[in-house]
Amino acid sequence: MQVLSIPEDHSQKESILSTKCRLLLWSCVLIHISVILGIVAVVIFIRYQSSFSSTSINYNIDIPCNPLEFSDYTSYPTGTVPWSINNGYLDGDSFLDIVVVNEGGTTISIFYGFGNGTFGSQQLYSTTSGVLYVAVRDMNNDNKSDIILTYTNTNQIAIFISKGNRNFNSPITYPVGNYPYWIAMSDFNKNNLLDVIVTNDHDASVTILYDYYNLSFSYSETYPVGNDVTGVSVADFNNDSYPDFVTADYTDNTLSLYINPKNGIFKNKKKIYTSPVPLGIATADLNNDNFIDIVNTNGYTFAINVFLNDGHGNFNKFDTYNVGGHSRAVALVDLNNDTFIDIIAGNSDDDFICIFLNKQNGIFEACQRFITDWNIYAVTTGDFNRDGKIDIALTTAQYTMNVLLNLC
Ligand SMILES: *[C@@H]1O[C@H](CO)[C@@H](O)[C@H](O)[C@H]1NC(C)=O
Ligand SMILES: *[C@@H]1O[C@H](CO)[C@@H](O)[C@H](O)[C@H]1NC(C)=O
Ligand SMILES: *[C@@H]1O[C@H](CO)[C@@H](O)[C@H](O)[C@H]1NC(C)=O
Ligand SMILES: *[C@@H]1O[C@H](CO)[C@@H](O)[C@H](O)[C@H]1NC(C)=O
Ligand SMILES: *[C@@H]1O[C@H](CO)[C@@H](O)[C@H](O)[C@H]1NC(C)=O
(Lines give C-alpha, C1' and ligand atoms only; values in the text may rest on other atoms or scores of the structure.)
(Ligands and ions follow the chains in the order given, each with its own letter.)
Protein backbone atom coordinates (compact mmCIF):
# COMPACT_ATOMS: atom_id res chain seq x y z
CA MET A 1 0.00 0.00 0.00
CA GLN A 2 1.18 3.24 -0.86
CA VAL A 3 1.25 5.60 1.90
CA LEU A 4 0.08 8.81 0.62
CA SER A 5 2.43 11.42 1.70
CA ILE A 6 0.67 14.58 2.33
CA PRO A 7 2.58 17.36 0.77
CA GLU A 8 3.42 19.97 3.30
CA ASP A 9 1.95 23.31 2.60
CA HIS A 10 5.10 25.34 2.90
CA SER A 11 3.60 28.58 1.86
CA GLN A 12 0.92 28.34 4.56
CA LYS A 13 3.51 27.43 7.18
CA GLU A 14 5.71 30.30 6.13
CA SER A 15 2.88 32.75 6.26
CA ILE A 16 1.93 31.52 9.76
CA LEU A 17 5.58 31.79 10.75
CA SER A 18 6.00 35.26 9.35
CA THR A 19 2.78 36.36 11.08
CA LYS A 20 4.25 35.02 14.30
CA CYS A 21 7.50 36.84 13.58
CA ARG A 22 5.71 40.09 12.86
CA LEU A 23 3.68 39.70 16.04
CA LEU A 24 6.86 39.06 18.01
CA LEU A 25 8.58 42.02 16.40
CA TRP A 26 5.67 44.32 17.05
CA SER A 27 5.30 43.22 20.65
CA CYS A 28 9.04 43.85 21.07
CA VAL A 29 8.68 47.34 19.67
CA LEU A 30 5.60 47.97 21.80
CA ILE A 31 7.36 46.73 24.93
CA HIS A 32 10.28 49.03 24.18
CA ILE A 33 8.02 52.00 23.62
CA SER A 34 6.05 51.34 26.81
CA VAL A 35 9.28 50.95 28.82
CA ILE A 36 10.51 54.29 27.48
CA LEU A 37 7.13 55.94 28.13
CA GLY A 38 7.16 54.46 31.63
CA ILE A 39 10.60 55.89 32.40
CA VAL A 40 9.58 59.30 31.04
CA ALA A 41 6.39 59.19 33.15
CA VAL A 42 8.35 58.28 36.30
CA VAL A 43 10.85 61.08 35.72
CA ILE A 44 8.07 63.61 35.08
CA PHE A 45 6.22 62.35 38.16
CA ILE A 46 9.29 62.70 40.41
CA ARG A 47 10.04 66.17 39.05
CA TYR A 48 6.39 67.20 39.42
CA GLN A 49 6.17 65.77 42.93
CA SER A 50 9.33 67.56 44.00
CA SER A 51 8.12 70.88 42.65
CA PHE A 52 4.71 70.25 44.18
CA SER A 53 6.08 69.37 47.62
CA SER A 54 8.23 72.48 47.73
CA THR A 55 5.37 74.80 46.88
CA SER A 56 3.28 73.45 49.72
CA ILE A 57 5.66 73.87 52.65
CA ASN A 58 3.99 74.51 55.96
CA TYR A 59 6.47 76.91 57.47
CA ASN A 60 7.01 76.07 61.12
CA ILE A 61 6.85 79.46 62.80
CA ASP A 62 8.60 78.21 65.94
CA ILE A 63 11.78 78.19 63.87
CA PRO A 64 13.25 81.69 63.62
CA CYS A 65 13.42 83.29 60.22
CA ASN A 66 11.18 80.75 58.56
CA PRO A 67 10.80 81.13 55.61
CA LEU A 68 14.36 82.29 55.07
CA GLU A 69 15.08 85.45 53.16
CA PHE A 70 17.98 86.07 50.79
CA SER A 71 18.89 88.89 48.44
CA ASP A 72 18.50 88.30 44.72
CA TYR A 73 21.70 86.73 43.48
CA THR A 74 24.53 88.79 42.05
CA SER A 75 26.24 87.05 39.14
CA TYR A 76 29.96 87.43 38.37
CA PRO A 77 31.59 85.91 35.26
CA THR A 78 34.27 83.25 35.89
CA GLY A 79 36.51 81.21 33.58
CA THR A 80 35.45 77.97 31.87
CA VAL A 81 33.77 75.31 34.07
CA PRO A 82 34.11 76.88 37.54
CA TRP A 83 34.15 73.49 39.26
CA SER A 84 35.21 74.33 42.80
CA ILE A 85 34.87 77.34 45.15
CA ASN A 86 36.18 78.37 48.54
CA ASN A 87 36.79 81.56 50.51
CA GLY A 88 39.16 83.14 53.01
CA TYR A 89 41.23 86.24 53.81
CA LEU A 90 43.73 86.32 50.97
CA ASP A 91 45.00 89.88 50.78
CA GLY A 92 45.53 91.03 54.35
CA ASP A 93 42.32 93.07 54.77
CA SER A 94 39.50 91.72 56.93
CA PHE A 95 37.11 91.22 54.01
CA LEU A 96 36.45 87.68 52.78
CA ASP A 97 37.71 86.84 49.30
CA ILE A 98 36.48 84.04 47.03
CA VAL A 99 38.58 81.61 44.96
CA VAL A 100 37.20 79.61 42.03
CA VAL A 101 38.93 76.84 40.04
CA ASN A 102 38.22 77.04 36.30
CA GLU A 103 38.49 73.35 35.55
CA GLY A 104 37.97 73.81 31.80
CA GLY A 105 40.99 76.09 31.49
CA THR A 106 44.30 76.76 33.18
CA THR A 107 43.35 79.50 35.63
CA ILE A 108 41.85 80.21 38.99
CA SER A 109 39.70 83.30 39.56
CA ILE A 110 39.98 85.38 42.72
CA PHE A 111 37.16 87.75 43.66
CA TYR A 112 38.48 90.19 46.24
CA GLY A 113 35.76 91.24 48.68
CA PHE A 114 34.79 94.81 49.57
CA GLY A 115 33.37 93.65 52.91
CA ASN A 116 29.87 94.85 51.98
CA GLY A 117 28.71 91.75 50.12
CA THR A 118 30.05 92.83 46.75
CA PHE A 119 33.24 91.63 45.10
CA GLY A 120 35.61 92.95 42.49
CA SER A 121 35.46 91.24 39.11
CA GLN A 122 37.59 88.11 38.77
CA GLN A 123 41.37 88.43 38.89
CA LEU A 124 42.80 85.53 36.89
CA TYR A 125 45.89 83.66 38.09
CA SER A 126 47.41 81.07 35.79
CA THR A 127 47.87 77.49 36.94
CA THR A 128 48.04 74.30 34.91
CA SER A 129 45.39 72.21 33.19
CA GLY A 130 43.38 69.61 35.08
CA VAL A 131 43.01 71.55 38.34
CA LEU A 132 39.94 70.33 40.18
CA TYR A 133 39.66 71.38 43.79
CA VAL A 134 40.57 74.48 45.79
CA ALA A 135 41.02 74.70 49.54
CA VAL A 136 41.80 77.97 51.32
CA ARG A 137 43.70 77.85 54.58
CA ASP A 138 46.50 79.65 56.40
CA MET A 139 49.16 76.96 55.99
CA ASN A 140 52.19 78.85 57.37
CA ASN A 141 50.65 80.66 60.35
CA ASP A 142 51.11 84.20 59.06
CA ASN A 143 47.38 85.00 59.44
CA LYS A 144 46.90 85.13 55.66
CA SER A 145 44.95 82.43 53.84
CA ASP A 146 46.90 80.38 51.31
CA ILE A 147 45.55 78.44 48.33
CA ILE A 148 45.84 74.69 47.92
CA LEU A 149 44.90 73.03 44.60
CA THR A 150 44.67 69.48 43.26
CA TYR A 151 46.54 68.83 39.99
CA THR A 152 44.82 65.80 38.42
CA ASN A 153 47.20 65.59 35.43
CA THR A 154 50.36 65.26 37.50
CA ASN A 155 48.90 63.62 40.65
CA GLN A 156 50.05 66.39 42.95
CA ILE A 157 48.69 69.04 45.23
CA ALA A 158 50.08 72.57 44.91
CA ILE A 159 50.36 75.13 47.70
CA PHE A 160 50.38 78.83 46.85
CA ILE A 161 51.58 80.84 49.86
CA SER A 162 49.98 84.29 49.94
CA LYS A 163 52.29 87.29 50.16
CA GLY A 164 49.35 89.35 51.41
CA ASN A 165 49.43 91.86 48.56
CA ARG A 166 47.34 89.85 46.11
CA ASN A 167 50.47 88.05 44.97
CA PHE A 168 51.51 84.51 45.72
CA ASN A 169 54.84 82.70 45.88
CA SER A 170 55.40 80.21 43.05
CA PRO A 171 53.51 77.08 43.99
CA ILE A 172 55.29 74.15 45.56
CA THR A 173 53.89 70.75 44.56
CA TYR A 174 53.68 67.55 46.59
CA PRO A 175 53.01 64.08 45.14
CA VAL A 176 49.79 62.28 46.09
CA GLY A 177 47.84 59.40 44.44
CA ASN A 178 46.11 59.04 41.08
CA TYR A 179 43.66 61.83 40.16
CA PRO A 180 43.48 63.90 43.36
CA TYR A 181 39.90 65.09 43.65
CA TRP A 182 39.30 66.80 46.98
CA ILE A 183 41.27 68.21 49.95
CA ALA A 184 40.64 68.73 53.65
CA MET A 185 42.95 69.83 56.46
CA SER A 186 43.34 68.75 60.04
CA ASP A 187 45.90 67.79 62.67
CA PHE A 188 45.41 64.02 62.81
CA ASN A 189 48.38 63.31 65.10
CA LYS A 190 47.69 66.35 67.32
CA ASN A 191 51.21 67.79 67.27
CA ASN A 192 50.06 71.28 66.24
CA LEU A 193 51.29 70.92 62.66
CA LEU A 194 48.76 70.88 59.82
CA ASP A 195 48.08 67.68 57.88
CA VAL A 196 46.41 67.58 54.47
CA ILE A 197 44.13 64.72 53.40
CA VAL A 198 43.58 64.20 49.66
CA THR A 199 41.21 61.76 47.92
CA ASN A 200 42.79 59.82 45.02
CA ASP A 201 39.81 59.22 42.75
CA HIS A 202 41.39 56.62 40.43
CA ASP A 203 43.21 54.73 43.21
CA ALA A 204 40.28 54.24 45.60
CA SER A 205 42.47 55.70 48.33
CA VAL A 206 43.28 58.79 50.34
CA THR A 207 46.73 60.19 51.02
CA ILE A 208 47.48 62.05 54.23
CA LEU A 209 50.48 64.37 54.11
CA TYR A 210 51.54 64.91 57.72
CA ASP A 211 53.11 67.83 59.55
CA TYR A 212 53.40 70.82 57.24
CA TYR A 213 56.30 72.91 58.48
CA ASN A 214 58.75 75.21 56.72
CA LEU A 215 57.06 74.53 53.34
CA SER A 216 57.31 70.75 53.50
CA PHE A 217 55.54 67.72 54.94
CA SER A 218 57.49 65.22 57.01
CA TYR A 219 55.79 61.96 55.95
CA SER A 220 52.72 60.59 54.20
CA GLU A 221 50.46 57.55 54.37
CA THR A 222 47.89 56.12 51.98
CA TYR A 223 44.68 54.40 53.11
CA PRO A 224 42.22 52.38 50.99
CA VAL A 225 38.66 53.68 50.60
CA GLY A 226 35.91 52.91 48.03
CA ASN A 227 36.03 53.08 44.24
CA ASP A 228 36.02 56.49 42.54
CA VAL A 229 36.29 58.32 45.82
CA THR A 230 35.27 61.96 45.46
CA GLY A 231 34.76 63.96 48.65
CA VAL A 232 36.31 63.77 52.10
CA SER A 233 35.29 65.40 55.36
CA VAL A 234 37.22 65.46 58.64
CA ALA A 235 35.48 65.44 62.04
CA ASP A 236 35.61 63.80 65.45
CA PHE A 237 32.85 61.20 65.13
CA ASN A 238 33.35 59.41 68.48
CA ASN A 239 33.98 62.44 70.72
CA ASP A 240 37.50 61.37 71.75
CA SER A 241 38.89 64.73 70.54
CA TYR A 242 40.91 63.07 67.75
CA PRO A 243 39.94 63.93 64.16
CA ASP A 244 38.50 61.07 62.09
CA PHE A 245 37.53 61.19 58.43
CA VAL A 246 34.85 59.97 56.03
CA THR A 247 34.90 59.74 52.21
CA ALA A 248 32.18 59.49 49.55
CA ASP A 249 32.84 56.58 47.17
CA TYR A 250 31.07 57.39 43.91
CA THR A 251 30.74 53.99 42.19
CA ASP A 252 30.48 51.82 45.34
CA ASN A 253 27.50 53.69 46.81
CA THR A 254 29.36 53.80 50.09
CA LEU A 255 30.97 56.13 52.54
CA SER A 256 34.28 54.96 54.03
CA LEU A 257 34.74 55.94 57.66
CA TYR A 258 38.04 55.80 59.52
CA ILE A 259 38.23 56.38 63.29
CA ASN A 260 41.52 57.76 64.57
CA PRO A 261 43.33 55.32 66.92
CA LYS A 262 44.76 58.46 68.62
CA ASN A 263 48.04 58.52 66.75
CA GLY A 264 46.90 59.78 63.34
CA ILE A 265 47.68 56.45 61.64
CA PHE A 266 44.46 54.83 60.46
CA LYS A 267 43.73 51.09 60.47
CA ASN A 268 40.11 49.99 60.20
CA LYS A 269 37.75 51.12 57.50
CA LYS A 270 34.02 51.03 58.09
CA LYS A 271 31.63 50.91 55.09
CA ILE A 272 28.34 52.81 55.17
CA TYR A 273 25.81 52.33 52.36
CA THR A 274 24.12 55.37 50.79
CA SER A 275 21.61 56.07 48.04
CA PRO A 276 23.12 55.68 44.54
CA VAL A 277 26.26 57.62 43.69
CA PRO A 278 27.40 59.63 46.70
CA LEU A 279 29.20 62.70 45.39
CA GLY A 280 29.40 65.62 47.81
CA ILE A 281 29.94 65.19 51.55
CA ALA A 282 29.89 67.39 54.62
CA THR A 283 29.81 66.82 58.39
CA ALA A 284 28.45 68.72 61.41
CA ASP A 285 26.44 68.13 64.56
CA LEU A 286 22.90 68.40 63.20
CA ASN A 287 20.86 67.63 66.34
CA ASN A 288 23.09 69.32 68.94
CA ASP A 289 23.84 66.07 70.78
CA ASN A 290 27.58 66.79 70.52
CA PHE A 291 28.07 64.00 68.00
CA ILE A 292 28.99 64.74 64.43
CA ASP A 293 26.54 63.71 61.71
CA ILE A 294 27.04 63.21 57.96
CA VAL A 295 25.27 64.57 54.88
CA ASN A 296 26.01 63.36 51.35
CA THR A 297 24.58 64.31 47.97
CA ASN A 298 23.66 61.68 45.37
CA GLY A 299 24.88 62.41 41.86
CA TYR A 300 22.31 60.13 40.22
CA THR A 301 19.27 60.75 42.39
CA PHE A 302 17.36 63.86 43.32
CA ALA A 303 18.14 63.39 46.99
CA ILE A 304 20.55 63.98 49.80
CA ASN A 305 21.15 61.50 52.62
CA VAL A 306 21.33 62.61 56.26
CA PHE A 307 23.03 60.16 58.64
CA LEU A 308 22.61 60.90 62.35
CA ASN A 309 25.38 59.59 64.60
CA ASP A 310 24.07 57.08 67.17
CA GLY A 311 26.50 58.40 69.81
CA HIS A 312 29.15 55.77 69.19
CA GLY A 313 30.34 56.80 65.75
CA ASN A 314 27.83 54.47 64.05
CA PHE A 315 25.64 55.53 61.13
CA ASN A 316 23.07 52.82 60.69
CA LYS A 317 20.27 54.61 58.89
CA PHE A 318 19.64 57.74 56.91
CA ASP A 319 16.88 60.20 56.10
CA THR A 320 16.40 61.31 52.51
CA TYR A 321 15.41 64.79 51.34
CA ASN A 322 14.44 65.77 47.81
CA VAL A 323 16.47 68.56 46.20
CA GLY A 324 14.58 68.72 42.87
CA GLY A 325 17.40 67.53 40.56
CA HIS A 326 20.60 65.46 40.57
CA SER A 327 22.26 66.62 43.77
CA ARG A 328 25.90 67.64 43.83
CA ALA A 329 27.18 70.37 46.15
CA VAL A 330 26.40 70.56 49.87
CA ALA A 331 27.29 72.92 52.72
CA LEU A 332 26.27 72.80 56.39
CA VAL A 333 25.86 76.04 58.32
CA ASP A 334 23.44 77.79 60.70
CA LEU A 335 21.58 80.26 58.48
CA ASN A 336 18.93 81.49 60.95
CA ASN A 337 21.17 81.82 64.03
CA ASP A 338 19.20 79.32 66.15
CA THR A 339 22.37 77.26 66.89
CA PHE A 340 21.05 74.42 64.69
CA ILE A 341 22.93 73.65 61.50
CA ASP A 342 20.97 73.93 58.24
CA ILE A 343 21.69 72.25 54.89
CA ILE A 344 22.41 74.00 51.59
CA ALA A 345 22.32 71.75 48.52
CA GLY A 346 22.84 72.51 44.83
CA ASN A 347 21.73 70.33 41.95
CA SER A 348 22.75 70.05 38.32
CA ASP A 349 19.31 70.34 36.68
CA ASP A 350 17.86 73.55 38.04
CA ASP A 351 18.33 77.25 38.54
CA PHE A 352 17.89 77.32 42.29
CA ILE A 353 19.66 76.43 45.49
CA CYS A 354 17.81 74.30 48.05
CA ILE A 355 17.94 75.17 51.72
CA PHE A 356 16.68 72.74 54.35
CA LEU A 357 15.98 74.45 57.68
CA ASN A 358 16.68 72.35 60.75
CA LYS A 359 13.55 71.64 62.81
CA GLN A 360 15.93 71.87 65.78
CA ASN A 361 16.22 68.10 66.13
CA GLY A 362 18.26 66.96 63.12
CA ILE A 363 15.11 66.59 61.02
CA PHE A 364 14.67 69.13 58.26
CA GLU A 365 11.90 71.16 56.65
CA ALA A 366 11.33 70.69 52.91
CA CYS A 367 13.59 72.52 50.46
CA GLN A 368 13.22 76.30 50.32
CA ARG A 369 14.32 77.46 46.88
CA PHE A 370 16.37 80.52 46.00
CA ILE A 371 16.94 81.39 42.37
CA THR A 372 20.49 81.27 40.93
CA ASP A 373 22.04 80.81 37.52
CA TRP A 374 21.38 77.35 36.07
CA ASN A 375 23.22 74.16 37.21
CA ILE A 376 25.19 74.56 40.42
CA TYR A 377 28.69 73.05 40.60
CA ALA A 378 29.92 74.05 44.05
CA VAL A 379 28.92 76.05 47.14
CA THR A 380 30.75 77.92 49.88
CA THR A 381 29.54 80.06 52.80
CA GLY A 382 30.80 83.03 54.80
CA ASP A 383 29.72 86.38 56.21
CA PHE A 384 30.56 88.39 53.11
CA ASN A 385 28.97 91.68 54.25
CA ARG A 386 29.98 91.40 57.93
CA ASP A 387 26.45 91.66 59.35
CA GLY A 388 26.74 88.50 61.49
CA LYS A 389 24.69 86.37 59.09
CA ILE A 390 26.08 83.63 56.91
CA ASP A 391 25.85 84.26 53.15
CA ILE A 392 26.20 81.91 50.19
CA ALA A 393 28.46 81.90 47.14
CA LEU A 394 28.29 79.27 44.42
CA THR A 395 29.52 78.45 40.93
CA THR A 396 27.35 77.42 37.98
CA ALA A 397 27.49 75.86 34.51
CA GLN A 398 26.73 79.32 33.11
CA TYR A 399 30.37 80.04 33.99
CA THR A 400 29.36 82.36 36.77
CA MET A 401 29.88 82.85 40.48
CA ASN A 402 26.67 83.87 42.32
CA VAL A 403 26.42 85.59 45.71
CA LEU A 404 23.22 85.47 47.80
CA LEU A 405 23.16 87.64 50.93
CA ASN A 406 21.33 86.40 54.00
CA LEU A 407 18.54 88.85 54.97
CA CYS A 408 17.26 86.77 57.89
C1 LIG B 1 44.23 88.12 61.15
O2 LIG B 1 43.53 88.45 59.96
C3 LIG B 1 42.21 88.87 60.17
C4 LIG B 1 41.56 89.04 58.82
O5 LIG B 1 42.37 89.74 57.94
C6 LIG B 1 42.22 90.14 61.00
O7 LIG B 1 40.89 90.56 61.22
C8 LIG B 1 42.92 89.87 62.32
O9 LIG B 1 43.02 91.07 63.06
C10 LIG B 1 44.29 89.31 62.09
N11 LIG B 1 44.88 88.88 63.35
C12 LIG B 1 46.13 89.15 63.67
C13 LIG B 1 46.59 88.62 64.99
O14 LIG B 1 46.86 89.79 62.96
C1 LIG C 1 30.72 98.17 48.31
O2 LIG C 1 31.98 98.75 48.42
C3 LIG C 1 32.53 99.14 47.18
C4 LIG C 1 33.96 99.61 47.42
O5 LIG C 1 34.01 100.49 48.50
C6 LIG C 1 31.65 100.21 46.54
O7 LIG C 1 32.18 100.56 45.29
C8 LIG C 1 30.27 99.63 46.36
O9 LIG C 1 29.40 100.64 45.88
C10 LIG C 1 29.73 99.11 47.67
N11 LIG C 1 28.50 98.42 47.39
C12 LIG C 1 27.48 98.45 48.22
C13 LIG C 1 26.27 97.66 47.80
O14 LIG C 1 27.49 99.07 49.27
C1 LIG D 1 63.60 75.31 56.27
O2 LIG D 1 63.94 74.66 55.06
C3 LIG D 1 65.07 75.22 54.45
C4 LIG D 1 65.24 74.59 53.07
O5 LIG D 1 65.06 73.22 53.13
C6 LIG D 1 66.29 74.99 55.36
O7 LIG D 1 67.44 75.56 54.78
C8 LIG D 1 66.00 75.67 56.70
O9 LIG D 1 67.05 75.39 57.60
C10 LIG D 1 64.70 75.17 57.29
N11 LIG D 1 64.36 75.96 58.44
C12 LIG D 1 63.94 75.43 59.57
C13 LIG D 1 63.62 76.39 60.68
O14 LIG D 1 63.80 74.23 59.73
C1 LIG E 1 32.36 64.40 74.76
O2 LIG E 1 33.61 64.47 75.41
C3 LIG E 1 33.72 65.54 76.31
C4 LIG E 1 35.16 65.64 76.75
O5 LIG E 1 35.65 64.37 77.10
C6 LIG E 1 32.75 65.31 77.47
O7 LIG E 1 32.84 66.36 78.41
C8 LIG E 1 31.35 65.23 76.91
O9 LIG E 1 30.45 64.90 77.92
C10 LIG E 1 31.26 64.19 75.81
N11 LIG E 1 29.97 64.37 75.17
C12 LIG E 1 29.12 63.38 75.07
C13 LIG E 1 27.82 63.73 74.46
O14 LIG E 1 29.38 62.24 75.43
C1 LIG F 1 22.81 85.38 66.86
O2 LIG F 1 22.50 84.91 68.15
C3 LIG F 1 23.39 85.36 69.15
C4 LIG F 1 23.04 84.65 70.45
O5 LIG F 1 21.67 84.55 70.60
C6 LIG F 1 23.30 86.86 69.28
O7 LIG F 1 24.21 87.34 70.24
C8 LIG F 1 23.65 87.47 67.90
O9 LIG F 1 23.49 88.86 67.95
C10 LIG F 1 22.77 86.88 66.83
N11 LIG F 1 23.24 87.36 65.52
C12 LIG F 1 22.45 87.90 64.63
C13 LIG F 1 23.09 88.35 63.38
O14 LIG F 1 21.26 88.05 64.80
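Asn-141 counts as exposed because 11 C-beta neighbours lie inside 10 Å; a residue is buried if 20 or more other C-beta atoms lie within 10 Å of its own, exposed if 12 or fewer, and partly exposed in between, with C-beta atoms placed from the backbone. The model is predicted: local features need pLDDT of at least 70, side-chain atom pairs count only at pLDDT 80 or more, and totals for chains, interfaces and linings use all residues. Residues are numbered from 1 along each chain as its sequence is written, while chains are lettered from A and ligands numbered from 1 in the order in which they are written.

**Overall composition and confidence**

The protein chain contains one helix and 28 strands; helices (H or I, at least four residues) and strands (E, at least two) are DSSP runs, numbered from the N terminus. Of its 408 residues, 45% count as buried. Among the contacts in the protein chain with a separation of 6 or more, 44% come from residues 24 or more positions apart; two residues are in contact if their C-beta atoms, placed from the backbone, lie within 7 Å.

The average pLDDT of the protein chain is 90, and 86% of the residues score at least 70; pLDDT is the predictor's confidence in each residue, from 0 to 100. Over residues 1–14 the pLDDT is below 50, and this stretch has one contact in the model beyond near neighbours in sequence. Residues 42–55 also have pLDDT under 50, and the model gives them 11 contacts beyond four places in sequence.

**Backbone exceptions**

Most residues other than glycine have a negative phi, and most peptide bonds are trans. Asn-141, in the loop between β6 (131–137) and β7, has a positive phi near 60 degrees. Asn-337 has a positive phi of about 55 degrees although it is not a glycine, and is placed in the loop between β22 (327–333) and β23 (342–347). Asn-337 counts as partly exposed because it has 13 C-beta neighbours inside 10 Å. A positive phi near 55 degrees is also taken by Asn-155, in the hairpin of β7 and β8, where four residues stand between the strands.

The peptide bond that joins Asn-66 and Pro-67 is cis, with omega about 5 degrees. Pro-67 belongs to the loop between α1 (10–55) and β1 (74–77).

**Strand pairing**

Strands of a sheet pair through backbone hydrogen bonds, either parallel or antiparallel. Here two strands pair if DSSP finds at least two bridges between them. The table lists antiparallel pairs.

| Strand | Partner | Bridges |
|---|---|---|
| β7 (residues 146–151) | β8 (residues 156–160) | five bridges |
| β8 | β9 (residues 172–175) | four bridges |
| β10 | β11 (residues 194–200) | six bridges |
| β20 (residues 303–307) | β21 | five bridges |

Individual partners can be located within these pairs. Tyr-151 has Gln-156 in β8 as its bridge partner, and Ile-157 stands opposite Tyr-174 in β9. Trp-182 faces Thr-199 in β11, and the bridge partner of Ala-303 is Asn-322 in β21.

An open sheet of four strands has the order β10-β11-β12-β13, with antiparallel pairing. Its edge strands are β10 (180–186) and β13 (219–224), each of which pairs on one side only. Neighbouring strands of this sheet are turned by 20 degrees against each other on average, direction ignored; axes are lines fitted to C-alpha atoms, for helices over the stretch in contact, and angles run from 0 to 180 degrees between N-to-C directions.

Another open sheet has four strands in the order β18-β19-β20-β21, again with antiparallel pairing. β18 (278–284) and β21 (318–322) stand at its edges with a single partner strand each, so one side of each is left without a neighbour in the sheet.

**A buried loop residue**

Asn-358 lies in the loop between β24 (352–356) and β25 (368–371). Asn-358 counts as buried because 23 C-beta neighbours are found inside 10 Å. Leaving aside neighbours within four places in sequence, its contacts are Leu-286, Phe-340, Ile-341, Asp-342 and Phe-364. Leu-286 is 72 residues from Asn-358 along the chain, and their C-alpha atoms are separated by 7.8 Å.
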